[in-house]
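Visitor: I have a model open and would like a friendly tour of it. Could you take my questions one at a time?

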Amino acid sequence: MARPEDDDTGVVSVATMEIIVAALFFAFGALVMFDSYRLGASWASDGPESGYFPFYTGLIICVSALVLLVQGLRQRARVALSFVEAGPLRQVALVFFPALIYVGGIQMVGIYVASTVYIALFMVFLGHYTWLRSGAVGLSVGLFAFLLFERWFQIPLPKGFVERALGF
Amino acid sequence: MDELQSLLHGFAIALTWQNLMLMFLGIVLGVLIGVLPGLGGANGIAILLPLTFTMSPTSAIILLSCIYWGALFGGAITSILFNIPGEPWSVATTFDGHPMARQGRAGEALTAAFTGSFIGAFFAVVMITFLAPMVAQFALRFGPPEYFAVYLLAFCSFVGMGKGSPWKTIAAMMLGFALAAVGMDTVTGQLRMTFGSTELMRGFDFLVAVIGLFGIGEILLTMEEGLEFKGRSAKIDARVVWSTWKQLPRFWATSIRGVLIGCWMGVTPGGATPASFMSYGVARQMSKNGHNFGKGEMEGVVAPEVAAHAAGTSALLPMLALGIPGSPTAAVLLGGLLIWGLQPGPLLFVEQKDFVWGLIASMYLGNIVGLIVVLTTVPLFAAILRIPFSIIAPVIIVVCAIGAYTVNNAMLDVWLMMLFGVAGYVFKKLDYPMAPMVLALVLGDRAEDSFRQAMLMSQGSLSILWQNWLVGSISALAIALLLWPFLAPLRARFKARPGAA
């Protein structure tokens, strides 16, 4: 039986990724140069201005990005190596997007509740564990983290309505 | 011998019950970090750093540096038993370590790896003990131009000694510098690249970048490979240890070469990973058992481990003596120094004698404690690796999120960590090096300050980087290293046509 994670059709080629990343580098370098120029990237009466050093950093980023861009374009014509296949990309997405939701969850319900729920759901849906075991692991990590940070180290972490209802 | 006296004083500081407990705790945590995928020396220490804010600097650095030793030891366990390098510097250990484990000689391989690590670290610490004070003494004469030249040398050597595309090294490094510049400019008080955001005024914290790049990025990579741990079991008892130790003296030449390669690559920021590969390669060429390498030769386990540990340890020398870390993990430790209110650099040896010599003494003790701990607890850590990845992965993401949040108590940092995680995943797959980026992010402000001061001294002329023999030779070496990879095509053409020259 073919599992979805074994799907090995290429999604994007290495050369395409190289080009995308080089383009992003170029855009970032241009942004750095633009903002440094706005602040003043030359020599004032009292020495170099704020944008002096970053301006050249941005310039070097742009130059190396251009070289990498050209190299990527030339590579694209010659080799078709796959950057990531459909199956593995699915696996990565299955970890990454829930993790993003988890970070959003921290903001809404606090880190302890979000962590408990996140670990439990991860185990149920990706690890195919029973709800009971997953819940137990999630809850114990959440509780342990709570005791460790709020009690022993006295480092306050984001809390939500559950902690408030319990009087913290 | 001033150093010996200072060292004895250091032992007196390090040898308290409290510090010994911290060493033990640090080693155990470090091995755990080294064993788990997604947690490594650099981001493991970055996550734990906020917990040390209330400790005394000496206790804090003992704890954190012991985590580092532990992580160096721990990488070998996964390499040998599971054929999965827990850390990049233990990749070369898998070549002969895992075949040995498959032949049922896991105990021997582990003992050889740990002992090799210990030997490498020990010689590197001896070197630090005697060389670091001299380097610091020498560096006291440095002014801003000299400092900038040394920074230049450190960064150019990444370009010159890196394996991949030099353009990628430069791009990644400059990205680090640009990110370091974000926030308030300390000289003029102007806001740089904040684009009106008050949260960006703080700038990018490199700890967040380290946690994202190495932690989240690594988890994504591991997930892609669809990792299933299929490990060998290992038992280490006194008999195995003893019989392995009896064989080890035969590899004295390999060990010496490993120590030399490691110390060199650690002091110059080459790092433990290239050192371990280089040592393995040299050993294969020079050893009479070279043809057996890759099939389970003990010498092939000793060679990379000695070099990796020597490099990992000696990376602390430039950090202590010059304030320039030789590896990402050393950079995180340097960040710790700043947070504890210590100014890294040569003055540390003058003003913070207790701290420096306490740390150096703890390196000796930490490695002895480490060797004992790893030799006795291998089965425990191997058992941890049998916990399925679908439990470990979410727990590590939670730990990373907590670590990123506690750096500045800011939610923005947790989001940034995720962003750096994607960057880490893509960079790793495209061979953009992350170590120079992290070092640039840490040292960006200091490099810029020394550049500005140097430029002020010369009224904006770059000739100050050649004003005397000292700064001139450092700058020249830096430029040579920078140009080295670009000359490679020319060298190849020259070699191809020997008659033409």
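Guide: Gladly, and one definition comes before the rest: two residues are in contact if their C-beta atoms, placed from the backbone, lie within 7 Å. Please keep in mind that this is a predicted model.

Visitor: With that cut-off, which residues is Gly160(B) in contact with, leaving aside its neighbours within four places in sequence?
Guide: Gly160(B) sits in helix H7 of chain B, residues 144-161. It has 22 C-beta neighbours inside 10 Å, and 20 or more make a residue buried, so Gly160(B) counts as buried. Once the neighbours within four places in sequence are set aside, its contacts are Leu481(B), Leu482(B), Trp484(B) and Pro485(B).

Visitor: How many Å separate the C-alpha atoms of Gly160(B) and Asp237(B)?
Guide: Along the chain these two residues are 77 residues apart. Between their C-alpha atoms, the separation is 45 Å.

Visitor: Is Gly203(B) buried or partly exposed?
Guide: Gly203(B) is placed in the loop between S2 and H9 of chain B. Not counting residues up to four places away in sequence, Gly203(B) touches Val182(B) and Gly183(B). Its C-beta neighbours inside 10 Å number 19, while buried needs 20 or more, so the class of Gly203(B) is partly exposed.

Visitor: What is the C-alpha to C-alpha distance between Gly203(B) and Asp185(B)?
Guide: In sequence, Gly203(B) and Asp185(B) are 18 residues apart. In space, C-alpha to C-alpha, the value is 9.9 Å.

Visitor: What is the phi of Met193(B), about how many degrees?
Guide: Most residues other than glycine have a negative phi. Met193(B) lies in the loop between strand S2 (191-192) and H9 of chain B, and with 23 C-beta neighbours inside 10 Å it counts as buried. Although Met193(B) is not a glycine, its phi is positive, at about 50 degrees.

Visitor: And what is the phi of Asp431(B)?
Guide: Asp431(B) belongs to the loop between H19 and H20 of chain B. With 15 other C-beta atoms within 10 Å, Asp431(B) is partly exposed. It is not a glycine either, yet its phi is positive, at about 70 degrees.

Visitor: Which element gives the largest share of the side of chain B that touches chain A?
Guide: The contact takes 50 residues from chain A and 46 residues from chain B. On the chain B side, the elements giving two or more residues are helix H8 (166-181), helix H9 (206-224), helix H18 (389-408), helix H19 (411-430) and helix H20 (435-458). The largest share is 11 residues, and it comes from H18(B).

Visitor: How many residues on that side of chain B are nonpolar?
Guide: The residues of chain B that touch chain A include 6 polar and 7 charged ones. The nonpolar count is 33.

Visitor: Which residues is Val210(B) in contact with, beyond its neighbours within four places in sequence?
Guide: Beyond its neighbours within four places in sequence, its contacts are Ala42(B), Asn43(B), Ala46(B), Pro328(B), Val332(B) and Val438(B).

Visitor: What is the radius of gyration of chain A?
Guide: Chain A has 6 helices and 4 strands, in the order β-α-β-β-α-β-α-α-α-α from the N terminus. For 168 residues the globule rule gives 15 Å, and chain A is well over that, so it is more spread out than a compact globule; its radius of gyration is 24 Å.

Visitor: How far apart are the C-alpha centres of the two domains of chain A?
Guide: The domain assignment gives domain 1 (8-80) and domain 2 (86-165). Between their C-alpha centres, the distance is 37 Å.

Visitor: Which element of chain B has the highest mean pLDDT?
Guide: Chain B averages a pLDDT of 83, and 95% of the residues score at least 70. The lowest mean among its elements, 79, belongs to helix H10 (residues 238-247). The highest, 93, belongs to H19(B).

Definitions and conventions:
Residues numbered from 1 in each chain as written. Chains lettered and ligands numbered in written order. Predicted model: local features only at pLDDT ≥ 70, side-chain atom pairs only at ≥ 80, totals over all residues. Domains from an automatic or database assignment. Rg over C-alpha atoms; globule rule 2.2 N^0.38 Å. Nonpolar A, V, L, I, M, F, W, Y, C, P; charged D, E, K, R; others polar. Buried ≥ 20, exposed ≤ 12 C-beta atoms within 10 Å, placed from the backbone. pLDDT = per-residue confidence, 0-100.
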